[in-house]
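Here are some notes to read alongside the structure, written for someone who is new to looking at protein models. Please keep the view open while you go through the points.

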Amino acid sequence: MTTENFENLIHELRPILYKVAFNFFHDKDEAEDTIQEVLMKLWMKRNDLNEQVRSLAIIATKNLCVSKWRKQKLRASASLNKNTDELQSGESTNAHLMAEEQRKMIELAISHLPRSEQRLMQMRQQGMENEEIVAITGIPIRSIRTMLSSARKKMIKQLKI
């Protein structure tokens, strides 16, 4: 692929890739960074690209979004562990124990759900919005809402709230 062909392709693909990344992160800068990384990878492989480059670029963008999200989740988890350690050594140990007990009860209730509902509830517990869940799972948003509602009802019944 020539440099001129690649540039033309980029002008066509950039808005599509931006939409994919922005819908995932809801952050302009993160979307731009993601697109830039994908385009650099495509540039490095430009001589091996075929007519399915558009599909490849979209899939690469989605995959990179998921990878970045996982890294962010790991950083947040490390921060949470640090805060938990600080909490345990502080005066609010009793409140921490109560919160830990509630967390364990919720995890137990989630473990009794069907696998598909477990997965969705775990994503929600991690702070993900429905749109992010759609981007990762590919399940229609109405189905996600229905499944989450059903899962919540089952959990409430099991926890007898």
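1. Which residues does Leu120 touch, not counting residues up to four places away in sequence? In this model, which is a predicted one, Leu120 touches Ile133, Thr137, Ile144, Met147 and Leu148.

2. Leu120 also has a place in the largest nonpolar core, which holds 20 residues, and it is listed with Phe24, Leu113, Met121, Ile133 and Met155 as touching the most other members. Helices H1, H3, H4, H5 and H7 each supply at least two residues of this core, and the largest share, five residues, comes from H7. Another core, of 13 residues, lies apart from it and includes Phe6, Ile10, Leu42 and Leu49. In soluble globular proteins, nonpolar side chains tend to be buried together.

3. Turning to one helix pair, H1 (residues 3-25) and H2 (residues 28-44) pack at an angle of about 145°, with their axes 9 Å apart, and their crossing is right-handed. Among the residues that meet are Phe6, Ile10 and Leu17 in H1, and Ile35, Leu39 and Leu42 in H2. By class, this contact of H1 with H2 has 13 nonpolar, three polar and four charged residues.

4. For the chain as a whole, please note that there are seven helices and zero strands, and that buried residues make up 27% of the 161 residues. Among contacts between residues at least 6 apart in sequence, 57% join residues at least 24 apart. The chain exposes about 11300 Å², of which carbon and sulfur atoms supply 53%.

Methods: Residues are numbered from 1 along each chain as its sequence is written. This is a predicted model: local features need pLDDT of at least 70, side-chain atom pairs count only at pLDDT 80 or more; totals for chains, interfaces and linings use all residues. Side-chain values use heavy atoms; hydrogens and water are left out. Axes are lines fitted to C-alpha atoms, for helices over the stretch in contact, and angles run from 0 to 180 degrees between N-to-C directions. Helices (H or I, at least four residues) and strands (E, at least two) are DSSP runs, numbered from the N terminus. A crossing is left-handed if the near helix is turned anticlockwise from the far one by less than a right angle, and right-handed if clockwise. Contact means heavy atoms within 4.5 Å. Ala, Val, Leu, Ile, Met, Phe, Trp, Tyr, Cys and Pro count as nonpolar, Asp, Glu, Lys and Arg as charged, and the others, Gly among them, as polar. A nonpolar core is a set of buried Ala, Val, Leu, Ile, Met, Phe, Trp, Tyr and Cys residues joined through side-chain atoms within 4.5 Å. Buried means under 20% relative accessible area, exposed over 50%, partly exposed in between (1.4 Å probe, protein chains only). Accessible areas come from the Shrake-Rupley method with a 1.4 Å probe; for residues, only the protein chains shown count as cover.
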